[in-house]
Structures are given as C-alpha cells and as structure tokens.
Amino acid sequence: MSQIIKPLIDEELLLDYGAQLVSYSEKEVIFSSKTEARNYYQIQKGSVRMFNLHENGKEFVQGEFHEGESFGEPPLFGDFPYPASAVAAKDSALYVLPKSKLFQLLKDHFDLHLEFMALLSKRLSYKAMILKEISMHSPEHRILTLVDFLKSKYGSEGKYEVDLTRQQIANLTGLRVETVIRAFKQLETQGEIEIRNRKIYR
C-alpha cells in the first residue's frame with residue numbers, strides 16, 4: 001500500500017497489557033468463521049484477508065488489512081461467532097491480545113475506546129457501501145467505488161496505483177475476473193483509469 005496506517009493501539013501499550021507477537025505463514029488460518037472470538041489482532045507486518053466461501057467454492061473477500069491495522073473486532077464487542085474466516089495473505093506477524101485484557105485496556109484508556117467506536121462505524125459504512133454496489137450498480141461503478149475508497153484510505157497526492165490483482169478486485173466486488181478485465185478496458189476508454197504495465201492508476 002502507498003501509505004502506512006498508524007496503529008490504533010500503540011505497540012508498547014499492547015505489550016504492557018500482555019499481547020504476544022505471533023508469526024503466521026502465508027495462507028495460514030488465523031481464525032475460522034463460526035468460531036468463538038477470543039482475541040484482538042493487530043498487524044505488525046504483513047497482511048490479512050477476511051473472507052467467506054460460497055457453496056460453489058467462490059471466495060468473497062470481506063476485507064484486506066495491512067500493517068498497523070486491526071481486524072475481526074465486532075464479534076469481541078457483540079459476543080457472537082466470527083462471521084468470516086481470516087488468513088495470512090503473506091508471511092505476517094500479529095499482536096494477539098486476549099479479549100479480557102483488551103477490555104481492561106479500553107477501560108483504562110477511554111480515548112482509545114472512542115477511537116474504536118469510530119473505527120467500527122467506518123467499517124459498517126464500508127459494508128453498507130459494498131452491499132449497495134453489489135445490489136444496484138454496474139461492474140464499472142463497483143470497481144471505481146472500490147478504487148476511490150482505497151485511494152482515500154491508502155493513497156497520497158497524484159495518481160494512485162491500485163495494489164491489487166484482478167482476482168483480488170473480483171473477490172472484493174463480487175465479480176468474475178473476466179468481468180473485471182472487461183470493465184477495466186471500458187473504464188480506460190472512458191478516461192476514468194490508466195493502465196500502464198498491467199498496473200491500474202486513478
């Protein structure tokens with residue numbers, strides 16, 4: 001990604017409350033859907049993909065998370081099983097903090113509690129946006145909405161390079177890879193994106 005996300009919880013504070021730094025190999029499962037949520041996860045390095053598998057084996061990606069980001073928090077607060085699975089997208093190291101210690105940390109640091117609420121609200125907004133795109137809009141519109149969201153989150157001034165494969169974009173938008181490729185060509189013709197050396201820019 002073009003921009004490193006500032007960790008929500010300072011790494012030293014996590015360690016003070018008993019977090020462990022755990023390594024995961026690429027494609028290693030961190031947790032599975034429908035299992036109990038017991039820990040808070042924050043990425044020290046690497047990246048994580050959360051996804052659901054349809055009956056036909058097609059993967060729908062709920063989100064991709066990168067260095068400095070946390071993931072899988074709602075079940076900790078809502079006391080329900082994980083609705084999706086999480087896997088290391090590449091070799092990664094994660095801070096793992098038990099749920100009870102996370103809650104104590106948030107009680108002791110109310111400013112972080114408020115930041116958590118803001119983070120969860122943004123996640124809900126993203127979910128609502130993606131559901132609307134999938135149910136109502138064309139492939140081109142879905143892709144541009146996703147790219148603009150990523151640009152606002154990770155981008156900087158000037159052209160933003162989309163650091164995702166065609167397959168990843170298909171997984172995030174509920175489209176087939178072939179549809180994504182056709183949509184890219186259409187968007188390039190319309191001047192909405194640039195394609196240079198198979199990389200997408202907006």
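The largest nonpolar core of this predicted model comprises 31 residues, and those with the most contacts inside it are Ile9, Ile30, Tyr40, Tyr41, Phe71 and Leu94. A nonpolar core is taken as a set of buried Ala, Val, Leu, Ile, Met, Phe, Trp, Tyr and Cys residues joined through side-chain atoms within 4.5 Å; buried denotes under 20% relative accessible area, exposed over 50%, and partly exposed the range in between, with a 1.4 Å probe and protein chains only. Two or more residues each are given to this core by helices H1 (11-16), H3 (99-108) and H4 (110-136) and by strands E2 (29-31), E3 (39-45), E4 (47-53), E7 (85-88) and E8 (92-98). Helices (H or I, at least four residues) and strands (E, at least two) are DSSP runs numbered from the N terminus. E8 supplies the largest share of the core, four residues.

Residues are numbered from 1 along each chain as its sequence is written. Because the model is predicted, local features need pLDDT of at least 70 and side-chain atom pairs count only at pLDDT 80 or more, whereas totals for chains, interfaces and linings use all residues, and side-chain values use heavy atoms, with hydrogens and water left out.

Beyond its neighbours within four places in sequence, Phe71 is in contact (heavy atoms within 4.5 Å) with Ile30, Phe31, Tyr41, Ile43, Val48, Met50, Phe65, Ala86, Leu94 and Arg123. Another core, of 23 residues, lies apart from the largest one and includes Phe60, Ile130, Ala170 and Ile193.

An open sheet is formed by four strands in the order E1-E8-E3-E6, with antiparallel pairing. Strands E1 (20-24) and E6 (70-71) stand at the edges, each with a single partner strand, so one side of each is left without a neighbour in the sheet. Helix H3 packs on this sheet, touching E3 and E8, and its direction makes about 75° with that of E8. Two strands are said to pair if DSSP finds at least two bridges between them. E3 and E6 run antiparallel and are joined by two bridges, with Gln42 opposite Ser70 in E6.

Strand E7 is covered on both faces: Ser85 and Val87 on one side, and Ala86 and Ala88 on the other, are all buried. E7 pairs with E2 in the antiparallel sense over two bridges, Ala86 being the bridge partner of Phe31. Its antiparallel pairing with E4 extends over four bridges, and Phe51 stands opposite Ser85.

Among the helices, the axes of H5 (residues 139-154) and H7 (residues 177-189) come within 9 Å and cross at roughly 80°. Axes are lines fitted to C-alpha atoms, for helices over the stretch in contact, and angles run from 0 to 180 degrees between N-to-C directions. H5 and H7 are therefore roughly perpendicular to each other, a term covering 65 to 115 degrees, with angles under 35 counted as roughly parallel, over 145 as roughly antiparallel and the rest as oblique.

H5 and H6 pack at an angle of about 100°, with axes 10 Å apart, and are therefore roughly perpendicular to each other. Here Arg142, Ile143 and Leu146 of H5 meet Ile169, Leu172 and Thr173 of H6. Six of the eight residues of H6 (residues 166-173) are buried, so this helix is largely enclosed by the rest of the structure; the buried residues are Arg166, Ile169, Ala170, Asn171, Leu172 and Thr173. H6 is followed by Gly174, whose phi is positive, near 75°.
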